[in-house]
Amino acid sequence: MPNTCNDMSAGTIKAIDKHSVHQICSGQVVLTLATAVKELVENSIDAGATNIDVRLKDCGADLVEVSDNGKGVEEANFEGLTLKHHTSKLREFTDLIHVETFGFRGEALSSLCALSHLSVVTCHESCQVGTKLVFDHNGHLVQRSPHPRQQGTTVSLQQLFYTLPVRHKEFQRNIKKEYGKMIHILQSYCIISTGVRITCSNQNGQGKRSTVLSTSSSQSIRDNIGAIFGPKQLQSLLPFQQASPTENVIEEYCLSGADLPKQLFLITGFVSRGDHGVGRSATDRQFFFINNRPCDPVKVIKLVNEVYHMYNRHQYPFVALNISVASECVDVNVTPDKRQIFLQEEKLLLAVLKSSLISMYEAGVNKISLNFSSLPSANTSASDICQPATFKDSRTEPNAESLTQSPKTSVNLAGFKAAFANQPCSSYGKKSSAMKVSNSGPTQKTLQSFLKGTPPPVVTSVMKQTKYSPAGKSALARFKYGSSFGDTKAEEDSSSDITMAMPHNSVLELSSSEPDSYRTDVEDEIFGDSTSHSHPEGAESQTEQRPFDEDFSLIPDTKRARTEKQHFIIKPEPKDYSNNLDKSSLGVDSPVCLQRRKVPLQFSLQELAAKMKRLQDQQAHRAKEDLCYRRFKAKINPGENQSAEAELKKEISKEMFKDMEIIGQFNLGFIIAKLESDIFIIDQHATDEKYNFEMLQQHTVLQGQKLIAPQKLHLTAVSENTLIDNIDIFRKNGFEFQVDEDAQAMERVKLLSLPTSKNWTFGPADIEELIFMLSDSPGVMCRPSRVRQMFASRACRKSVMIGTALSVNEMKKLLVHMGEIEHPWNCPHGRPTMRHLINLDIIS
């Protein structure tokens with residue numbers, strides 16, 4: 001009983017102590033380096049600062065410091081500055097509706113106290129001397145001393161996350177990625193904070209402090225974008241032009257036009273042009289704001305990218321859009337980082353956005369500049385290109401006139417497509433067709449009737465009219481058994497026609513050979529009653545007589561000729577008739593003799609029982625053996641390349657290649673190898689090509705060619721730092737740079753030499769691609785895509801070709817090479833190198 005009581009008391013519900021609650025909740029408010037910097041920058045902006053300086057040491061792992069020239073903290077607020085849920089920005093819940101500041105919960109500084117060593121140096125506008133404040137992990141003030149400082153506040157965080165050992169270890173390991181995310185968040189505040197100068201700098205170890213990004217307190221969002229991303233980015237931007245939602249979009253979002261509020265949303269900002277080449281390869285420069293607050297509206301982001309892909313399929317736009325809406329229509333208190341926001345009338349916002357973007361791109365982006373000397377005539381329209389002058393549309397004539405007015409004109413693609421869509425290019429004039437047919441034989445008449453586009457529902461053959469006898473044999477049956485196809489008078493007249501219904505997949509051939517070569521049999525007698533085929537309602541299956549010179553429809557499968565004596569030869573196309581014809585109608589109308597034979601069947605119950613016992617014994621024997629399963633299930637099929645590659649990665653390790661046994665060479669192009677009971681087929685050319693490619697990737701140092709004068713690159717500060725940190729990788733790719741540490745950001749790096757290799761030339765676009773790749777995986781050796789193409793071409797030319805006979809040693813060498821490379825499963829051009837054929841155990 002005492003043990004039972006103790007167990008019950010241990011499970012009693014109790015309140016968690018305040019210290020534990022503080023530690024648990026703090027880890028939920030500040031999750032990353034980006035969140036910590038965001039909270040401090042927001043506090044500075046809320047304090048009315050016009051100059052904010054973010055200083056990091058070792059990318060924020062050692063120190064994060066944010067300094068501003070705001071109002072400062074009054075002495076009366078020192079104690080409550082870092083206490084939980086202490087704030088000056090609202091007093092009660094109803095104030096949340098009209099809150100205009102970034103912060104309002106009073107959680108950030110309290111949480112940062114629990115996660116790091118936090119100290120504050122502040123000087124209020126009413127004070128002459130600043131004060132340094134030191135807080136413990138509970139947010140209590142433990143030290144206070146005078147400190148020289150101008151008006152403003154500086155908050156310092158040392159050893160962020162050190163109170164959470166697991167998170168701290170992970171934070172240190174992924175510090176470069178954390179740093180990159182923080183820069184992206186900070187860029188959004190730099191863009192939207194007009195009139196505020198924001199700078200960010202980083203110092204690695206004892207090295208020199210380098211500026212990462214900087215703005216110039218401009219009153220324009222466009223100037224802020226230029227300060228962060230350079231003038232090159234500005235050249236590709238369009239100012240956002242808001243338009244009312246169109247009827248189609250209103251219907252798409254199920255909105256009622258009468259109930260739509262007017263001017264609920266005001267959208268301003270910039271987006272990329274829709275031209276190919278001006279977009280981005282990723283969504284790394286997309287910034288969305290609601291009432292100047294950076295956020296991540298998922299549906300808005302998806303919509304903007306979808307509309308942009310209608311005009312630039314393979315790239316993503318630069319986006320900086322601020323959505324202004326009444327504060328009572330927004331709920332910002334959704335997630336701890338305030339990045340998710342709920343909106344009223346969200347469908348209306350999406351409709352306005354979609355209509356506006358489509359109208360912008362249709363009007364200004366989708367244009368082609370045409371350079372030409374002259375057109376055939378001033379009156380030539382788009383329709384004249386695809387058809388005779390009979391079909392002219394007045395809507396296309398103004399386009400033609402505008403094309404001829406100047407040697408270089410912009411033509412709207414949407415209008416151009418519409419001009420062509422309005423013309424029935426596939427039709428021809430009746431007069432010209434009639435003239436051609438009148439002077440042509442059966443071939444021309446067949447083509448003319450084919451172009452009319454009216455194929456009959458039933459395959460018809462134009463023959464001589466014959467009366468079918470309801471009780472007697474059909475014409476085909478009489479023909480088979482040597483009877484005349486018609487009466488004597490009808491045979492003499494070869495100009496009269498008859499239409500006879502045939503199966504859809506039969507081909508009629510008319511022969512005019514001599515009597516001794518007549519074929520008196522019907523090949524593969526597959527004929528049925530006309531009712532066994534599906535006919536359209538109202539279609540006549542009876543025979544009807546037509547004059548020979550009258551137009552008629554004839555499908556290409558039916559051949560027709562005029563001969564003195566006409567005979568049938570029925571050749572069915574190789575199709576499965578099981579779905580179309582009843583088995584009972586497969587024979588021609590002819591007598592059928594069925595011969596039946598009885599065979600005695602021997603049956604023994606004892607033999608059946610013995611066989612069942614043997615089967616059970618076999619199953620029991622298999623159950624005792626070790627579990628054997630099919631490791632390779634994917635077929636050798638282009639559609640299953642991905643699953644086949646996954647199976648090989650799972651089952652084949654690098655060490656297994658040298659253990660494979662060579663069986664031989666197949667078709668002078670493939671190696672057949674055996675590993676235990678599995679048989680593999682290996683493409684000798686693709687395998688050798690992949691090995692040569694990876695060796696070129698790892699060991700080739702491209703030679704650079706000096707430029708006449710150093711070239712400015714106009715990289716962003718973040719890109720400059722990435723380049724400087726990975727400059728050895730750029731040198732291996734043939735790029736040489738001049739780095740001036742004392743120069744201001746975006747002007748520190750100049751290009752001295754570019755890699756060259758025979759006909760391959762490279763430029764700044766390859767540098768930007770390398771920077772983008774290195775920002776995701778810093779320090780990892782990588783190559784620009786064009787260098788990879790060059791290496792792939794070289795590797796292909798120097799590899800073993802298909803058709804080359806190989807010795808066993810040469811084939812073994814190729815297999816050993818596969819175990820020395822990282823990704824041996826396909827060549828640089830995507831061709832598979834190896835596939836599983838069969839397992840010998842399964843066969844046996």
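Mentor: Two strands count as paired when DSSP finds at least two bridges between them. Keep that in mind as we look at this model, which is a predicted one.

Trainee: Which residue is the bridge partner of Arg55 in strand 2?

Mentor: Glu65 is the bridge partner of Arg55.

Trainee: What does strand 2 pair with besides that?

Mentor: Strand 2 (residues 63–68) also pairs with strand 6 (residues 152–158), again in the antiparallel sense and over 6 bridges. Here Glu65 stands opposite Ser156, and Val66 has Val155 as its bridge partner.

Trainee: What makes strand 2 mostly covered?

Mentor: Of its 6 residues, 5 are buried.

Trainee: Now the interior. Why is a group of residues called a nonpolar core?

Mentor: The residues must be buried, come from a set such as Leu, Val and Met, and be joined through side-chain atoms within 4.5 Å. The largest such core here has 59 residues, and Met182 and Leu186 have the most contacts inside it. Helix 6 (residues 175–192) gives this core its largest share, 10 residues. At least three residues come from each of domain 1 (18–214) and domain 2 (236–361). A second, separate core has 38 residues, among them Leu255, Val278, Leu321 and Leu350.

Trainee: Which residues is Met182 in contact with, leaving aside neighbours within four places in sequence?

Mentor: Those are Leu33, Ala34, Val37, Leu56 and Cys200. Each therefore has heavy atoms within 4.5 Å of Met182. As general background, nonpolar side chains in soluble globular proteins tend to be buried together.

Trainee: Is Val249 buried or exposed, and how do you know?

Mentor: The relative accessibility of Val249 is 6%. The cut-off is under 20%, so Val249 counts as buried. Val249 is in helix 9 (residues 247–252). Beyond residues up to four places away in sequence, Val249 touches Ala351, Lys354 and Ser355. Its C-alpha atom is also separated by 8.5 Å from that of Val352, which is 103 residues away along the chain.

Trainee: And Cys254: buried or exposed?

Mentor: Exposed: its relative accessible area is 65%, and the cut-off for that word is over 50%. Cys254 is found in the loop between helix 9 and strand 10 (266–272).

Trainee: What makes the phi of Cys254 worth a remark?

Mentor: Most residues other than glycine have a negative phi. Cys254 is not a glycine, yet its phi is positive, about 55°. Asn667 also has a positive phi, near 60°. With a relative accessible area of 59%, Asn667 is over the 50% cut-off and therefore exposed.

Trainee: Where is Asn667 found?

Mentor: Asn667 is in the loop between strand 22 and strand 23. Strand 22 (residues 661–666) and strand 23 (residues 670–675) run antiparallel and are joined by 5 bridges, with Phe666 opposite Phe670. Strand 23 is joined in turn to strand 24 (residues 678–683) by 6 bridges, also antiparallel. Within strand 24, Ile681 is the bridge partner of Ile672. In the hairpin of strand 23 and strand 24, which has 2 residues between the strands, Glu676 takes a positive phi near 55°.

How values were computed:
Residues are numbered from 1 along each chain as its sequence is written. This is a predicted model: local features need pLDDT of at least 70, side-chain atom pairs count only at pLDDT 80 or more; totals for chains, interfaces and linings use all residues. Side-chain values use heavy atoms; hydrogens and water are left out. Buried means under 20% relative accessible area, exposed over 50%, partly exposed in between (1.4 Å probe, protein chains only). Helices (H or I, at least four residues) and strands (E, at least two) are DSSP runs, numbered from the N terminus. Domain bounds come from an automatic or database domain assignment.
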